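I opened this model to look up its salt bridges, its sheet and its overall dimensions. My entries follow in the order I made them.

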Amino acid sequence: AQYQGIKELTACDRGLSICNYTVKKMAPLVVPNLLLHPLFKDNPMVSEEGFRFYAGVPIVDQDNWAIGTLCLLDYVPHYDFSEEMMFRIEAMVQLVMRQLEIRRIQVENQELTLKHQRLYDEFIGNKRAPPLKQVTMMFTDIQGSTALWEAFPESMNTAQALHDKVFRSALEEHYGYEVTTEGDAFEVAFHSPTDALACALRIQR
């Protein structure tokens, strides 16, 4: 149990904590005078630390587990603790639970994002390797390239360099594997017909 702003006390053993009873009861607990209560009068929190008043509400999660408490402690008894005051503590507990639930969702989303990223990385890693089981082959060359080379050798040199750059960019984008090339002809392999078709369409754009 954590206690802030109470002399030098910042924590105590759960077995000695008054909040332990609130957690076990799973219900709000109000003790106007701890020194007169048979369960708490000999508790070190009362006999040594000097607490006289306690009011606590359990923090119960969505699985119906009491994971802590929100409490008020004082060094003087309070016989005037009202239902309205208890309502305020319960309202604060609801705010605490809301923040805890937001944090839980954030953590789950982070874990889910990491899991998806690992699966994606594994998927991409497998697709970037040469296909072994299902293989789709694609063979390409520049139509009429022989005549074009004879007629426009300088222009074709530039054109083929651009062709090869575009081709290899599309090949990488769609996880193709370059088997071999000869002149302007490419022999490439894909993991699926869908990747091969997408690559062909990408090259022709």
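This is a predicted model: local features need pLDDT of at least 70, side-chain atom pairs count only at pLDDT 80 or more; totals for chains, interfaces and linings use all residues.

I started at Arg-202, which counts as partly exposed at 24% relative accessibility; buried means under 20% relative accessible area, exposed over 50%, and partly exposed in between, with a 1.4 Å probe and protein chains only. Arg-202 forms a salt bridge with Glu-173, with 3.3 Å between the closest N and O atoms; the term needs a side-chain nitrogen of Lys or Arg within 4 Å of a carboxyl oxygen of Asp or Glu. Glu-173 lies in helix α5 and Arg-202 in helix α6, so the pair ties together parts that are 29 residues apart in sequence. Glu-173 is partly exposed too, at 41%.

Residues are numbered from 1 along each chain as its sequence is written, and side-chain values use heavy atoms, with hydrogens and water left out.

Entry 3, helix α3. I searched the whole structure and found 5 salt bridges. Arg-104 and Glu-101 form one, at 2.4 Å between the closest N and O atoms; both lie in helix α3, 3 residues apart. Salt bridges with shared partners join Glu-101, Arg-104 and Glu-108 into one network. Arg-88 and Glu-84 meet in a salt bridge at 3.0 Å, N to O, and they also lie in helix α3 (residues 83-128), 4 residues apart. Arg-88 counts as exposed at 52%.

Which strands form the open sheet, and in what order? I read β6-β8-β7, with antiparallel pairing; strands pair if DSSP finds at least two bridges between them. Helices (H or I, at least four residues) and strands (E, at least two) are DSSP runs, numbered from the N terminus. β6 (136-140) and β7 (177-182) each have a single partner strand, so one side of each is left without a neighbour in the sheet. β7 and β8 (residues 185-190) pair over 5 bridges, and Thr-180 has Glu-187 in β8 as its bridge partner.

The C-alpha atoms fill a box of roughly 110 × 35 × 30 Å along the principal axes. I noted 30% of the 205 residues as buried.
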